[in-house]
Amino acid sequence: MSDIDLMQGELLEAVASASDGVALESVRVAALGKQGSVSALLKTLGQMSPEQRQVEGPRIHALREAVSGALAERKAAFESAALDARLAAETVDLTLPAPETPRGSIHPVSQVMDEMAEIFADLGFAVATGPEIEDDWHNFTALNMPESHPARAMHDTFYFPDKSVAEDGGTREMLLRTHTSPVQIRAMIAAVKQDPGGAPIRLIAPGRVYRSDSDATHTPMFHQIEGLVIDRDIHLGHLKWTLETFVKAYFERDDIVLRLRPSYFPFTEPSVEVDVGYANEGGRRVVGGSGDAPGHAWMELLGSGMVNRKVIAAAGLDPDEWQGFAFGVGVDRLAMLKYGMNDLRAFFDGDLRWLAHYGFSAFDTPTLSGGVGTPA
Ligand code: PHE
C-alpha cells in the first residue's frame, strides 16, 4: 500500500471518528489547511519532473477530493442531526391561543359626535369645521358681541399674548374659541363667496371649545355641536321640530318632551333655552317624559334661537331675504346622559381603564338604520 493510500485511510478514519463539528474542523485544518498534510503533498508537485508529476498528480488530487468529500458529507450529517434535535426539542403547539393584540376604542365623545352627524345627515345637514384658534371678530364681534359687550366677560376666554393682522389692516385679538358659534359666521361668509346672493345653509359644526373653568361639571376644554339653518321663511317651528326629531333619534325613544324657555344670547333673537324632561331612576337621570310628570324634572339641554338679523348682516347676507335658526349643544353632557357617566373630568384624564370600559368598538360604527353603536 502506497503512502498516499495509507494517508487517505488515516484521514478518512479521522473524519469518520470526529465526534462533533469542532473535532471535524480540526481534522480539516490538519489535512487541507495551509500547513495541512494534503496541502504539503500538493506543494511537492512543483518540484517533480513532468513524468513523475503525470503519475503522482492525479493520485494526490484524488486524495484531496476523497478527503474533502468525506469532510463535507460528515459536516452535513452533523448539521442535520443538530436540526433534528432542535425540531424534537422545540415543539410548536398550534392549539395555543395567540397573544391578544391590544385593541383601541372610540372615545365616547367621538362616538356621540358621529351619532349626531349621522342623525343630522339624515335631516340633510352637512358637517362644517372652523379653527380652534379664533380671532375675536368671528368669536364675538360678528356674533353681535362688540368689544365692550358684557357677554364677552361671561365667557372666561383664553387669550393669546399676540394680536393678528386682519384683512382690513386692523389688528384682532386672538383666542381659543369659547363656542362653536364662530363657525356660523365662517359658513355664511363662505356661502356668500360661493354665491353672492347667498344660499340656503343647513349644517352642523362639531368641535372643541375652551373656557377658563374647571370643576366636576366643567373642564377648560369641552365639546359642542353647533347647528345652523339659513333659508327663506324659516321660523321657530322649524327649530322645535328639528330639535325634537334629533333628541328622539339620539336617545332612541319616542316619549321625549322638550320645553322651550325664553332666554338671551346676543346672536339670536328671540333666544330659546331648551329643556328636556327626565326621570330620576336610582340616582341616574333617564331622559323621557314630561318634566312636570310625577318623579320627573326638567334639565337644560341647549341654547338656541332665531339667528339675529345683525349676525346675518355681519356675514354679508340680506336679513330681509334670509332667516334661520341656530343652536349649540354640549356634546360631553349628551354623552354622559346617554351612556351613564357622572364625572366630566374622567373624559379627558386619558385613563385606559376608563376608555376600555366606556369606549366603543371601532368595528361597530353607528348607523341610523342599524341602531347606534353599543358599548365595547
Ligand atoms: N354659543 C352658545 C353657547 O356656547 C350656544 C348657542 C348657539 C346659543 C347657537 C344660541 C345659538 O352657550
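Below are my entries, topic by topic.

**Ground rules**

I am working with a predicted model, where local features need pLDDT of at least 70, side-chain atom pairs count only at pLDDT 80 or more, and totals for chains, interfaces and linings use all residues. Residues are numbered from 1 along each chain as its sequence is written, and side-chain values use heavy atoms, with hydrogens and water left out.

I began with the backbone. Most residues other than glycine have a negative phi, and most peptide bonds are trans.

I found a cis peptide bond between Glu269 and Pro270, with omega at about -5°. Pro270 belongs to strand 9, residues 268-281. For the record, helices (H or I, at least four residues) and strands (E, at least two) are DSSP runs, numbered from the N terminus.

I then noted Asn144, a non-glycine residue with a positive phi near 65°. Asn144 sits in the loop between helix 6 (136-139) and helix 7 (150-154). Is Asn144 buried or exposed? I read a relative accessible area of 17%, so Asn144 is buried. Here buried means under 20% relative accessible area, exposed over 50%, and partly exposed in between, with a 1.4 Å probe and protein chains only.

Glu252 is not a glycine either, and its phi is positive at about 55°. I located Glu252 in the loop between helix 9 (236-251) and strand 8 (258-265).

**The largest pocket**

Next I went looking for space. Rolling a probe the size of a water molecule over the atoms shows where empty space is left. A pocket, on a 1 Å grid over the protein atoms alone, is an open set of points where a 1.4 Å probe fits, with protein on both sides within 12 Å along at least five of seven lines; lining residues have an atom within 4 Å of a point. Grid points are joined across faces, edges and corners, and a volume is the space filled by probe spheres set on the points.

How much space lies in the largest pocket? I get about 1400 Å³. Of its 48 lining residues, His218, Phe222, Glu300, Gly330 and Arg333 are the closest to the centre. Several elements supply at least two lining residues each, among them strand 7 (221-231), strand 12 (323-330) and helix 11 (331-339). Strand 11 has the largest share of this lining, with six residues.

By class, I noted 20 nonpolar, 18 polar and ten charged residues in the lining of the largest pocket. In this scheme Ala, Val, Leu, Ile, Met, Phe, Trp, Tyr, Cys and Pro count as nonpolar, Asp, Glu, Lys and Arg as charged, and the others, Gly among them, as polar.

**The second largest pocket**

The volume of the second largest pocket is about 220 Å³. I list Trp137, His138, Arg186 and Lys193 among its lining residues. Helix 6 and helix 8 (182-194) are the elements that give two or more residues to this lining, and helix 8 gives the most, four. The lining divides into four nonpolar, one polar and five charged residues.

I stayed with His138, which lies in helix 6. His138 has a relative accessible area of 9% and is therefore buried. Its side chain makes a polar contact with the side chain of Arg186 at 3.4 Å. Such a contact is a pair of N or O atoms within 3.5 Å; within protein, one must be able to donate a hydrogen and the other to accept it, and residues adjacent in sequence count only if both atoms are side-chain atoms.

**The ligand**

Which residues come nearest to the ligand? I wrote down His179, Ser181, Arg211, Gln224 and Glu226, out of 14 around it; a residue is near if one of its heavy atoms lies within 4 Å. A ligand nitrogen is 2.9 Å from a side-chain N or O atom of His179. A ligand oxygen is 3.0 Å from a side-chain N or O atom of Arg211, and for Gln224 I also read 3.0 Å from a ligand oxygen to an N or O atom of the side chain. Taken alone the ligand exposes 330 Å², and the protein buries 91% of that.

My last entry is Ile185 in helix 8. Ile185 counts as buried because its relative accessibility is 0%. Ile185 and Ile312 are 127 residues apart in sequence, with their C-alpha atoms 8.3 Å apart in space.

Conventions
Accessible areas come from the Shrake-Rupley method with a 1.4 Å probe; for residues, only the protein chains shown count as cover.
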